[in-house]
Amino acid sequence: MSSLLHIDNITKRFHGFVALDGVDLEVQPGERLGLIGPNGSGKSTLVNCICGTLQNDSGNVQFDGKPMNGLAAHQRTHRGIARSFQLPRPFHSMTLADNLRIPLLYTVRAREGMLHAHSDLGARCHELLDMVGLAAKAKQMPRDLTQVEMRKLELARAVAAEPKLLIADEAMAGLSHSEIDDILALLLRLNERGITIILIEHIMSAVMSFSQRLAVLVSGRKVADGKPEEVVRDPEVVRAYLGQ
Ligand code: ADP
Ligand code: MG
């Protein structure tokens, strides 16, 4: 099986500071990968290099068999890469329905083949809101939402682009146990629908129940990659992260 995401030896520097230092990563279609590491280890920088928010300085990112180097973020979105932000970024002056209508319209335009299938944007909006449990709030504004509802809206917005790969960057920080379970269940449903997911998270119970594989970044380097139960026992991972 060929990888959905193939990252080969990427490096990213900010002025003199090396944020990513020769990182390799493979993600298979349909996989659920956990990506962990201390604050500042380069997780979000890696996400940005995958999504095209940042361009890596060297190395290659391949997605779905095609090189992504040089492509802008919106072009990578069209190819099927979506991400949710650590701090949700809704359109604050729009209703929840309109918050989904925008990425949906954008997706329909970008992929003409989908025009027919998704001619009814309203129905698709409702379907997405329903999927995240926010259908009853379609006409409300983002400011009316609780923190967990805001995270769900953020995920629905990412999924509106019909991604093959969804990267959830700390979608659970600051939530209660039951809210974390809610977000986990949502991510699992999305994965069951065929979306490959990279979960970046500090809450280890969530990471362990979600991930089929675990990769660990420390100071911009990948120090472990493998079965979750083996990775969490890796002495270097314990020393640099889990033992803290
Ligand atoms: P993580 O998501 O693992 O907490 P980040 O990828 O956000 O880590 O950051 C990795 C390192 O790169 C940190 O030291 C951070 O300060 C630095 N960094 C991230 N983005 C930038 C930027 N745009 N400019 C300068 N330094 C940055
Ligand atoms: Mg981060």
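This is a predicted model: local features need pLDDT of at least 70, side-chain atom pairs count only at pLDDT 80 or more; totals for chains, interfaces and linings use all residues.
Now to the overall form. The chain is built from 9 helices and 10 strands, and its C-alpha trace spans about 50 × 40 × 35 Å along the principal axes. Because a compact globule of 244 residues would have a radius of gyration near 18 Å, the 18 Å of this chain agrees with that expectation. Of the contacts between residues at least 6 apart in sequence, 66% join residues that are at least 24 apart.

What share of the residues is buried? Buried residues make up 50% of the 244, and the chain exposes about 11,300 Å², of which carbon and sulfur atoms supply 51%.

Let us go inside. The largest nonpolar core has 38 residues, and those with the most contacts within it are Leu 166, Met 172, Ile 183, Leu 187 and Leu 190. Among the elements that give two or more residues to this core are helix H3 (96–110), strand E7 (165–169) and helix H6 (177–192), although it is H5 that gives the most, with 7 residues. If we take Leu 187 and leave aside its neighbours within four places in sequence, its contacts include Leu 155, Leu 166, Met 172 and Phe 210. Finally, there is a second, separate core of 26 residues, which includes Ile 10, Leu 25, Val 47 and Ile 200.

Terms used
Residues are numbered from 1 along each chain as its sequence is written. Chains are lettered from A and ligands numbered from 1 in the order in which they are written. Side-chain values use heavy atoms; hydrogens and water are left out. Helices (H or I, at least four residues) and strands (E, at least two) are DSSP runs, numbered from the N terminus. The radius of gyration is taken over C-alpha atoms; the globule rule is 2.2 Å times the number of residues to the power 0.38. Buried means under 20% relative accessible area, exposed over 50%, partly exposed in between (1.4 Å probe, protein chains only). Contact means heavy atoms within 4.5 Å. Accessible areas come from the Shrake-Rupley method with a 1.4 Å probe; for residues, only the protein chains shown count as cover. A nonpolar core is a set of buried Ala, Val, Leu, Ile, Met, Phe, Trp, Tyr and Cys residues joined through side-chain atoms within 4.5 Å.
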